[in-house]
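Please look over the model below before reading on. The report describes a ligand site and some elements of the surrounding fold.

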Amino acid sequence: MKHTDIKDILTDAAFIDTQVTVCGWVRTSRDSKNVAFLEMNDGTSLKHLQIVLDKEKFADVSPFMPLGTSLKVVGTAVKGMVNNAVEVNAQEVEVLGVCGGDYPLQKKRQTLEYMRAMPHLRVRTNTFNAIFRVRSVLSAAIHEYFQQNHYVYVHTPILTASDCEGAGEMFKVTTIGYSNDYENEADYYADDFFGKKAGLSVSGQLEGETAAMAFGKIYTFGPSFRAEKSNTLRHVAEFWHVEPEVAFAELPDIIEIAEDMIKFIIKAVLDRCPDEMAFFDKFFENGLVEKLNGVVASDFAVVDYTDAIEMLKKADVKFNYPVEWGCDLQTEHERYISEEVCKRPVFITNYPKAIKSFYMKQNPDGKTVAATDLLVPGVGEIIGCSEREADLAKLRAAMEDKGLSEQDYQDYLDLRRFGSVPHSGFGLGLERILMYVTGVQNIRDVQLYPRTVGSIR
Ligand code: 4AD
Ligand code: MG
């Protein structure tokens, strides 16, 4: 179907006074005595294109009016009366698909909660048009950042036999249904597709490290899966995970890279999505654009975990979870540090080793690891990051401590045997940074089809 994108017609003056063909869906319609107006959207732009129907030409405009109707319109692009915006004086209109009167997205703004029950339709609203444009631009900017800086994009496996985070949140993958035929777990897995226990990857890091030992700088960008039972505003069972891994980099180096990348991708969205960002600023978070401009222009804070604990203990706030050195930081703690104390993104560094994963480099104090989380106001953790333990003996000891079987991590241990180097990496949750950039507060609203505990469609 030959037609022109509405985005091009709205932004390129060369179309004015020419004949154009547009295809799209009716988003608003208004009928008056001599003319009828339609606002059409084809998804290429947040702004709609106004179609003017002269009733002398169109005796019956009623088939074109219902919201959601899909149309093909041929007409002349002209400069309109309002704000000089381009509009189209229609010559021919063809209905491509009628839209029933029970279409749930009628004129008035619906709540996000209402729309969550109809993921297949909510994408047609302005809100989701803006969210998904920003998601797309953000993703492209992530690739751009790493490609510009000589990283190799690698695709790590989704089916895996090792639980990277060791948190027991791996979805099982099996081809054997429910059965009482096996005496024990070992027999059952031996009979299964891979001949051993397998699952969906929670992180591509371990395989990413093997690639970094060859290509120096790599990144992965794909889905990770976590059978996390917590029903929160920021956890989903399937999320998109950006994981760079960098050889010859220690903790301060990877912190610098993470900060530089976050600023680069936020700036890309501010530059390339002005309409969408103005929309979020107006409807989701007043001052959002100014805040993000500030983030791009200033340094992130760095706070040692031990100092963060002191700040929390001194805080004039009653937390639900008690604070003691050694505790994992809860969302309420993370938000207090980033929102009340730092008022900007903050790296919390050097966590107690007992609460972190086995692969993190142990600090000389014997108690902490060279790890950092990046916390941002409003969301909390968006990045989990660390220098990796490059020393074979220390790594084996940590694995034993955490009850991991060396058998399952032979490749990983080999990396420490054959030319081991200091190296570091991080994981950025795409949906988490998207929430931060758009001001959208529920992670279910930044994915097409969110999967959460008890909910899939
Ligand atoms: O902090 P995490 O668990 O770190 C890792 O997986 C490391 N292996 C990363 C690495 O060093 N290569 O997860 C990293 C990030 C989190 O900070 C968060 O943004 C996101 O992944 N994330 C989730 N996002 C949505 N829903 C969930 N259930 C998430 N779990 C983690
Ligand atoms: Mg984490």
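This is a predicted model: local features need pLDDT of at least 70, side-chain atom pairs count only at pLDDT 80 or more; totals for chains, interfaces and linings use all residues.

Residues are numbered from 1 along each chain as its sequence is written, chains are lettered from A and ligands numbered from 1 in the order in which they are written, and side-chain values use heavy atoms, with hydrogens and water left out.

**The ligand site**

Ligand 1 is surrounded by 24 residues (near means that a heavy atom of the residue lies within 4 Å), and the closest are E165, Q205, R226, E243 and E381. This shell divides into eight nonpolar, eight polar and eight charged residues, where Ala, Val, Leu, Ile, Met, Phe, Trp, Tyr, Cys and Pro count as nonpolar, Asp, Glu, Lys and Arg as charged, and the others, Gly among them, as polar. Strands β10 (238-247), β14 (380-387) and β15 (423-429) each supply at least two residues of the shell; helices (H or I, at least four residues) and strands (E, at least two) are DSSP runs numbered from the N terminus.

The table lists polar contacts, meaning pairs of N or O atoms within 3.5 Å.

| Residue | Protein atom | Ligand 1 atom | Distance |
|---|---|---|---|
| E228 | polar side-chain atom | nitrogen | 2.8 Å |
| V236 | backbone N or O atom | nitrogen | 2.9 Å |
| G429 | polar backbone atom | oxygen | 3.1 Å |

Taken alone, ligand 1 exposes 630 Å², of which the protein buries 94%, with areas from the Shrake-Rupley method and a 1.4 Å probe.

**The sheet**

Eight strands form an open sheet with mixed pairing, in the order β6-β9-β10-β15-β14-β13-β12-β11; two strands pair if DSSP finds at least two bridges between them. Because β6 (152-153) and β11 (301-304) stand at the edges with a single partner strand each, one side of each is left without a neighbour in the sheet. Strand β9 (residues 217-225) pairs with β10 in the antiparallel sense over nine bridges, and K217 stands opposite V246 in β10.

**Two helices**

Helix α14 (residues 430-438) is mostly covered, since nine of its nine residues are buried (under 20% relative accessible area, with a 1.4 Å probe and protein chains only), among them E431 and R432. After α14 comes G439, whose phi is positive, near 80 degrees.

Helix α8 (residues 274-283) contains E276, which is buried with a relative accessible area of 6%. Not counting residues up to four places away in sequence, E276 touches L46, A130, R133 and V134, contact meaning heavy atoms within 4.5 Å.

Methods: A polar contact is a pair of N or O atoms within 3.5 Å; within protein, one must be able to donate a hydrogen and the other to accept it, and residues adjacent in sequence count only if both atoms are side-chain atoms. Buried means under 20% relative accessible area, exposed over 50%, partly exposed in between (1.4 Å probe, protein chains only).
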